[in-house]
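Please look through the structure below before reading on. The paragraphs that follow take up a few of its features in turn.

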Amino acid sequence: MRLYDYLPSANGYKVRTLLAQLGREYELVPVDIFAGESHTPDFHANKNPDGRIPVLEPEPGRFLAESNAILLFLAEGTRLLPEDRFARAQVHQWMFFEQNAVEPNLGTALLAPHRPAAAGVRRAPQSHPEW
């Protein structure tokens, strides 16, 4: 199993934390998002057409993007993802809350020190070749 990730990413941190809690072994493949490594033709065609991390490769050639989709995939069949329909919906509720209300602020704070000085706005590196 491989995880394509940028270590300061809050979304990647969630996935790495769950992998550790579950005792799952994986290979970390660093992706420098500010150097444009997630916006190469190969990354777009084979890993995530949206050019974002994290991306999980649970088996060769199969890629899953979006941190919460990865969390749900990894939690399937564990005590962390209940079988009861309502309890499972409550897990989803908290995941959506975290992604929409918590992560944007946390992610901005965590990534700010790693952004190039010229990067005032989040845009794909193709838009700013000077990066």
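With which residue does Lys14 form a salt bridge? The partner is Glu98, and in this predicted model the closest N and O atoms of the pair are 2.8 Å apart. Side chains of opposite charge can pair when their charged atoms come close.

This salt bridge belongs to a set of nine that a search of the whole structure finds. Another joins Glu57 to Arg2, with 3.4 Å between the closest N and O atoms, and this pair links distant parts of the chain, since Glu57 sits in strand E3 and Arg2 in strand E1 (residues 2-5), 55 residues apart. Glu57 counts as buried because its relative accessibility is 6%, whereas Arg2, at 33%, counts as partly exposed. A further salt bridge runs between Arg88 and Glu76, whose closest N and O atoms are 3.6 Å apart; Arg88 lies in helix H4 and Glu76 in the loop between H3 and H4, so this pair ties together parts that are 12 residues apart in sequence. Salt bridges that share partners also join Arg2, Glu27 and Glu57 into one network.

The nonpolar residues come next. The largest nonpolar core is made up of 11 residues, among them Leu3, Val15, Leu18, Leu56, Leu74 and Met95. Helix H1 (10-21) and helix H3 (67-75) are the elements that give two or more residues to this core, and H3 gives the most, with four. Apart from its neighbours within four places in sequence, Leu74 is in contact with Met1, Val15, Leu18, Leu19, Leu22, Arg24 and Leu56. There is also a second, separate core of 10 residues, which includes Val29, Val31, Phe43 and Val55.

Lys47 is found in the loop between helix H2 (41-46) and strand E3 (55-59), and this lysine is buried because its relative accessible area is 14%, under the 20% that marks the limit. The side chain of Lys47 makes a polar contact with that of Asp42 at 2.9 Å, and, neighbours within four places in sequence aside, Lys47 is in contact with Tyr4, Asp42, Val55 and Phe63.

Finally, a word on confidence. The protein averages a pLDDT of 85, and 77% of the residues score at least 70, but over residues 121-131 the pLDDT is below 50. Where pLDDT is low, the predicted coordinates should not be read in detail.

Conventions. Residues are numbered from 1 along each chain as its sequence is written. This is a predicted model: local features need pLDDT of at least 70, side-chain atom pairs count only at pLDDT 80 or more; totals for chains, interfaces and linings use all residues. Side-chain values use heavy atoms; hydrogens and water are left out. A nonpolar core is a set of buried Ala, Val, Leu, Ile, Met, Phe, Trp, Tyr and Cys residues joined through side-chain atoms within 4.5 Å. Buried means under 20% relative accessible area, exposed over 50%, partly exposed in between (1.4 Å probe, protein chains only). Contact means heavy atoms within 4.5 Å. A polar contact is a pair of N or O atoms within 3.5 Å; within protein, one must be able to donate a hydrogen and the other to accept it, and residues adjacent in sequence count only if both atoms are side-chain atoms. pLDDT is the predictor's confidence in each residue, from 0 to 100. A salt bridge is a side-chain nitrogen of Lys or Arg within 4 Å of a carboxyl oxygen of Asp or Glu.
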